[in-house]
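Hi everyone, thanks for coming along. Have a look at the slide while I bring it up, and then we'll walk through it together.

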Amino acid sequence: MFQPEKIIVADDHPLFRQALLAALDVKFNKTQWLEAQTIEQLEQQLSNNTDSDLVLLDLNIPGAHGFNTLIHVRNHFPQIPVVMISAHEDNDTIRKAMEYGAAGFVPKSTPVDTIIYAIQQILAGEVWVPESFSQASKGDGESNIAERVASLTQQQYRILMMFAQGLLNKQIAYDLNVSEATIKAHATAIFRKLNVRNRTQAVIAIAPLNVAEPNINH
């Protein structure tokens, strides 16, 4: 069996992440596991490990804003397949994930043996989705905004996500250690690429790429 050298696991739930790593490490015992709990950590891991074989990405990791992070990763690191891991199991969510470039979609309820099989298939160049999934048509509007988000540079994408969090230009400039004028220049470029006039319209434009929190009874 092919043993991947590096796999990045991006999930903010420590218990799920550790349980998943422990289960996978039994089968992929020569793999180096790289962890990320936030989008910032994921970006750092990707930048430092461009030779990674796979990314396991939790759809609801903080700061991901739905499918925006998937689109961003696929655009800037096209050589690394991304598998979405999610508590969502509905057809619409799976369909969108696959259309936006995921190599596979694994619900968190999936048995460990099936997750291992899915990863093996994806590493072999195949695409994997749950057997229950049935393909449906997509909306042109979603496709269009996905292409626009994909055109953003890494810094522009980072700033757009901070807009979505409601941060002011001054706060963003401080966090990124640049001038407010630089943030304004980036904002202008972002608005042009998204075909909007201001940050409110920008946040509204990417709304179709967001995902509602799954309804889970504990």
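Let me start with a question: is aspartate 92 buried, partly exposed or exposed? Aspartate 92 is partly exposed, because its relative accessible area is 36%. On that scale, buried means under 20% relative accessible area, exposed means over 50%, and partly exposed is in between, with a 1.4 Å probe and protein chains only.

A quick word on what you are looking at. This is a predicted model, so local features need pLDDT of at least 70 and side-chain atom pairs count only at pLDDT 80 or more, while totals for chains, interfaces and linings use all residues. Residues are numbered from 1 along each chain as its sequence is written, and side-chain values use heavy atoms, with hydrogens and water left out.

Let's stay with aspartate 92 for a moment. Aspartate 92 forms a salt bridge with arginine 95, and the closest N and O atoms are 2.3 Å apart. By salt bridge I mean a side-chain nitrogen of Lys or Arg within 4 Å of a carboxyl oxygen of Asp or Glu. Both partners sit in helix H4, residues 91–99, three residues apart, which is about one turn of the helix. Helices here are DSSP runs of H or I with at least four residues, strands are runs of E with at least two, and both are numbered from the N terminus. Arginine 95 counts as buried, at 5% relative accessibility. The pair also belongs to a network of salt bridges that links Asp92, Arg95, Lys96 and Glu99.

Threonine 93 is also in helix H4. Threonine 93 counts as buried because its relative accessibility is 7%. Leaving aside neighbours within four places in sequence, threonine 93 is in contact with Leu59, Phe67, His88 and Phe105. Contact here means heavy atoms within 4.5 Å.

How many salt bridges does the structure hold? The structure holds eight. Side chains of opposite charge can pair when their charged atoms come close. Please find lysine 108, which pairs with aspartate 11 in a salt bridge at 3.1 Å, N to O. This pair links distant parts of the chain, 97 residues apart: lysine 108 is in the loop between strand E5 (104–107) and helix H5 (112–123), and aspartate 11 is in the loop between strand E1 (6–10) and helix H1 (14–27). Aspartate 11 is buried at 2% relative accessibility, whereas lysine 108 is partly exposed at 23%.

Lysine 108 also meets aspartate 58 in a salt bridge, at 3.6 Å, N to O. That pair again links distant parts of the chain, 50 residues apart, with aspartate 58 in strand E3, residues 54–58.

An unreviewed UniProt entry annotates Asp58 as "modified residue: 4-aspartylphosphate". UniProt positions are given in the numbering used here, feature names are shortened, and annotations may be inferred rather than shown by experiment. Aspartate 58 is buried, because its relative accessible area is 3%. Leaving aside neighbours within four places in sequence, its contacts are Ala10, Asp11, Asp12, His13, Ile85 and Lys108.

UniProt, again in an unreviewed entry, places "domain: Response regulatory" at residues 6–123. The end C-alpha atoms of that span lie 12 Å apart, and the span is 46% helix and 20% strand.

Now over to helix H7, residues 154–164. Its buried residues are Gln156, Tyr157, Ile159, Leu160, Met161, Met162 and Phe163. A pocket, found on a 1 Å grid over the protein atoms alone, is an open set of points where a 1.4 Å probe fits, with protein on both sides within 12 Å along at least five of seven lines, and lining residues have an atom within 4 Å of a point. The second largest pocket has a volume of about 160 Å³, and that volume is the space filled by probe spheres set on the points, which are joined across faces, edges and corners. Its lining includes Ile39, Glu40, Gly63, Tyr157 and Met161.

Last stop: threonine 69, in helix H3, residues 68–76. Threonine 69 is buried, with a relative accessible area of 2%. Leaving aside neighbours within four places in sequence, threonine 69 is in contact with Ile39, Leu42, Leu57, Gly63, Ala64 and Tyr157. Thanks, everyone!
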